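Student: I'd like a close look at one part of this protein, the aromatic side chains that pair up. Could you walk me through them?

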Amino acid sequence: MKEPSILFQSEDDMDFIPIIPLNENEGDNGPEIPIPDELPLLPLRNTVLFPGVVLPITVGRDKSIKAINDVYKADKLVGVVAQKDSNVEDPTITDLEDIGTVARIIKMIKMPDGGTTVIIQGKKRFKIESILSEDPYFKARISLLEEDDSPKLEDFEAYVANIKDLATQIINLSPNIPSDAAIILKNIENPSFLIHFISSNLNTELVEKQRLLEMNNIEARADLLMQLLQRELQFAELKNKVTTKTKTELDKQQREYFLQQQMKSIKEELGGDTNDREIREMKNKAEHMKWSEAAKEMFKKGVEKLERMHPSTPDYSVVYNHLDLMLDLPWGTFTKDLYDLKKARKVLDHDHYGMNKVKERILEYLAVLKLKGDMKSPILCFIGPPGIGKTSLGRSIANAISRKYVRISLGGLHDESEVRGHRKTYIGAMPGRIIQSLRKIKSSNPVIILDEIDKVGSDFRGDPSSALLEVLDPEQNHTFYDNYLELEYDLSKVLFIATANDINNIQPALRDRLEIIDLSGYAVEEKIEIAKRHLLPKQKDAHGLKNIPLKVGDKVLEKIIQDYTRESGVRELDRYLASVMRYEAKEYALKDKIKSTVTAGDIEKILGKPRFSNEMYKVANMPGVAVGLAWTYVGGDILFVETSLSDGKGELKLTGNLGNVMKESATTALTWLQSNARKLDIDPAIFEKKTIHVHVPEGATPKDGPSAGITMMSAICSALTGRRIKSYLAMTGEITLRGQVLPVGGIKEKVLAARRAGLKEIILCWQNEKDIQEIDSSFIKGLKFHYVKTMQQVLELALV
């Protein structure tokens, strides 16, 4: 058999390569060599010698050379022990391990540099009993350690097989270990030698190798070796995985680099890089922009940064999108306003019926703009119930003055960044809605409708209504700052129009910046005109009946309005007209012809029985029931107040989901009636014997406010006196303990609600007379108004 090659290294920093003897079993090498009780010691630094394993070592220390020379001349046996600390140059007896291996010197070679190389083979383990001498080298009395009998475990063969398998896997995963080592491993049959051989080759700490050597029990030694091999295997797998991943990433980078170079060459052949062309186009576009110096400087820096960046880097798109926004915004681009007031009036009248007060305000604004040439646009805010045309009025204003129109819905908005924009460093950052709208509309002076400004919310992301303060202040919005744009933008030429249902839900600071224009609900006559001019033509067109003669008369429209709708606007009316048109479309599709006129009978057939009836107010013709008028954000409404007396202790019960103010009004009314009982022909004793129960239907609807004061007072007085309240009579007004009646708001909505309900007389505070005079007389035709100053007057008018 050919002798294997040997790698010779010094004992100071050697990485030993063990050599397998020609025969694993000691007995095969001839008669067993007797081992004396006293042996010279050879300290080794970085390794542990195991029995049966062959090691080549280079001896450099003087003591070690002397010991080797003496031993080689004698029986060639030496005690090999490991140093506890490999950094100690001249070890003492305390620096040596107690247990080592008796080694036989197989061969000694003198090297050209004066050093000595010896090949030693481990024989038996020993323990140092005592040190006999330290000079010229260590000499010790030893006792041999006997190996345990062969293992008794039945599965020991599986242990050995597993150890072989683990070692083979480590060899396969380690590129520095020759693949021949796996073949050598496979041919080892002696379990004890296999454990020694693998332990010697194990890449582990010296302490753990020494621990393996010191174990007498071969089963325990095999168990510990398996644990160490498992750890070594995991380390080898991890190292191999990291190496492979690094290599793969490097290959990927190289591949991308080559592809980029090829793409660059192709683009040059086709006429230049796309990104270079885009940047050139940006620069050309920027030359025609009407920018401030700050904007020019920012654009210049952005382009320079873009030129230095590779298109595949994440920041490239951020910078590119920001510059693209700057180029897309209409800096200094304005549409020309049309100052023809007569034409503007025609447009407003054509689009909306009524609303004279609003139209006059718009014409005043245009007149000033025409005379002065320029003015800071005021911030108009239309307040009114739903469905009366607040949003569509904004579009009409834009058409009247030839401006572009854009609507921003603020309903449910609760993030300040939606108004001011996000910082562009955030992922998915965008400019605010104001800047986005200007970018889309390509004009710096459009009409912007801020719809539902009273529905703006606030949470941990900020308060959008506070962010709107700068937008809607004519003194500040010429320097509006958007977080994404990072520049000031002039909004002073924009005509902002806000819409809201309830002014109380608008933040006070924001409300202060708005010019409030109240839009009240429509009267029946106005609704009929709106239906004829706008709703009917729209619904006929939407249902394919545009060219088919079909007429809906005023009486029929009035029936739909009064019997099927109770609203301030016309949305519900629009839905019912759509129902009528759908029915007619179906009839025409089935029969190929329809009647040219829709009659009242047809309406009941199509829409069913009337939802509302004025007959219900005749039921109020009994003591203790009065009709009041209420204001809600959807317009005016009718309110019943019912009172009944029962035996008790003079308590006042209030039901109907009433707010604190309404409860206090009832208490005030009762106190005034007690104070003036004799004047009103009321027995004072009744207040102590009866429980007065006041209920305001509908019980599920929350109600509050002072305007039901005189209604409650009249209902309680009616119950106490047994006199009923006049039929078809409604009332509204606040009361005091002195017996005065105070004015209340929402008069137009309340009066129109009374008219819709078919009431004929209304009691009001004398100070509300001016509100009645502002209502078109044709809308309140048939209504009789009573203006009062005191609660006594109310009772004189109300009680029969």
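Tutor: Trp291 is buried, and Trp331 is buried too. Keep in mind that this is a predicted model. These two tryptophans form an edge-to-face pair, with 6.4 Å from centre to centre and 85° between the planes. Now look at where they sit: Trp291 is in the loop between helix H7 (274–286) and helix H8 (293–308), while Trp331 is in the loop between helix H9 (314–328) and helix H10 (341–351), so the pair ties together parts that are 40 residues apart in sequence.

Next, hop over to Tyr316 and Tyr320. Their ring centres are 6.4 Å apart and their planes are at 10°, so this pair counts as stacked; the cut-off for that label is planes under 30 degrees apart. Both tyrosines belong to helix H9, four residues apart, or about one turn of the helix. As for cover, Tyr316 is buried, with a relative accessible area of 8%, whereas Tyr320 comes out at 21% and counts as partly exposed. The line between those two labels is drawn at 20% relative accessible area.

To put this in context, a search of the whole structure turns up seven aromatic pairs. The protein chain itself has 26 helices and 24 strands, and 46% of its 800 residues count as buried. Among its contacts with a separation of 6 or more, 75% are between residues 24 or more positions apart.

Terms used:
Residues numbered from 1 in each chain as written. Predicted model: local features only at pLDDT ≥ 70, side-chain atom pairs only at ≥ 80, totals over all residues. Heavy atoms only, no water. Helix = DSSP H or I, 4+ residues; strand = E, 2+ residues; numbered from the N terminus. Buried < 20%, exposed > 50% of the residue type's maximum accessible area, 1.4 Å probe, protein only. Contact = heavy atoms within 4.5 Å. Phe/Tyr/Trp six-rings, centres within 6.5 Å; stacked < 30°, edge-to-face > 60°.
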